Amino acid sequence: MKANEIMRDIMKNQNVGLSKLADRMQKSVRLVSDRLRMENISTDKLIEILRYLDYDLVIMPRGKAGRIDGAYIVDGEEK
């Protein structure tokens with residue numbers, strides 16, 4: 001999945017709409033919407049959004065650890 005798809009999936013699972021996320025972040029709805037549409041979002045912006053969704057960005061060796069329940073893999077590919 002792409003990072004923006006993952007963020008939208010997390011929002012859907014938590015019943016957090018765009019307005020609610022923007023309010024949590026104290027940013028405009030337009031700015032948050034623009035970030036969620038970015039195909040190549042920077043890690044700084046990704047981490048900021050994930051923080052307000054109670055997620056962390058974790059980097060670990062491929063195939064070395066067991067998959068954590070509820071975890072996502074950012075691979076740049078379509079679902």
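Me: Where is the place of A71?
Reply: This is a predicted model. In it, A71 sits in the segment after α4, and α4 covers 43-52.

Me: Is A71 buried, exposed or partly exposed?
Reply: A71 counts as partly exposed, because its relative accessibility is 30%.

Me: How far is A71 from D56?
Reply: Their C-alpha atoms are separated by 9.9 Å. Along the chain, A71 and D56 are 15 residues apart.

Me: Let's zoom out. How many helices and strands does the protein chain have?
Reply: The chain has four helices and zero strands. Along the sequence, the pattern reads α-α-α-α.

Me: What share of the residues is buried?
Reply: Buried residues make up 30% of the 79 residues in the protein chain.

Me: What about contacts with a separation of 6 or more? How much of that comes from residues 24 or more positions apart?
Reply: Those residues account for 61% of such contacts in the protein chain.

Me: Now α1. Is that helix mostly covered or mostly open?
Reply: Mostly covered. Helix α1 spans residues 3-13, and eight of its eleven residues are buried.

Me: Which ones are buried?
Reply: In α1 they are A3, N4, E5, I6, M7, D9, I10 and M11.

Me: What do the buried residues of α1 pack against?
Reply: They pack against α2 (18-25), α3 (29-37) and α4.

Me: Which residue with a positive phi follows α1?
Reply: That is N15, with phi near 55°. N15 lies in the loop between α1 and α2.

Me: Is N15 buried or exposed?
Reply: N15 is exposed, because its relative accessible area is 65%. The cut-off for exposed is over 50%.

Me: What is phi for D54?
Reply: D54 has a positive phi of about 60°, although D54 is not a glycine. D54 lies in the segment after α4. At 70% relative accessibility, D54 counts as exposed.

Me: New topic: helix pairs. What describes two packed helices?
Reply: The angle between their axes and the distance between the axes.

Me: OK, so how do α2 and α3 cross?
Reply: The axes of α2 and α3 come within 9 Å and cross at roughly 110°. The two helices are therefore roughly perpendicular to each other.

Me: Which residues make the contact?
Reply: From α2, the contact uses L18, S19, L21, A22 and M25. From α3, V29, V32, S33, R35 and L36 take part.

Me: How many of the residues in the contact of α2 with α3 are nonpolar, polar and charged?
Reply: Seven are nonpolar, two are polar and one is charged.

Me: And α2 with α4? At what angle do the axes cross?
Reply: The axes of α2 and α4 cross at roughly 100° and come within 9 Å. So α2 and α4 are roughly perpendicular to each other.

Me: Which residues in α2 and α4 meet?
Reply: L21, R24 and M25 in α2 meet E48, I49 and Y52 in α4. By class, the contact of α2 with α4 has four nonpolar, no polar and two charged residues.

Key. Residues are numbered from 1 along each chain as its sequence is written. This is a predicted model: local features need pLDDT of at least 70, side-chain atom pairs count only at pLDDT 80 or more; totals for chains, interfaces and linings use all residues. Side-chain values use heavy atoms; hydrogens and water are left out. Buried means under 20% relative accessible area, exposed over 50%, partly exposed in between (1.4 Å probe, protein chains only). Contact means heavy atoms within 4.5 Å. Axes are lines fitted to C-alpha atoms, for helices over the stretch in contact, and angles run from 0 to 180 degrees between N-to-C directions. Angles under 35 degrees count as roughly parallel, over 145 as roughly antiparallel, 65 to 115 as roughly perpendicular and the rest as oblique. Ala, Val, Leu, Ile, Met, Phe, Trp, Tyr, Cys and Pro count as nonpolar, Asp, Glu, Lys and Arg as charged, and the others, Gly among them, as polar.
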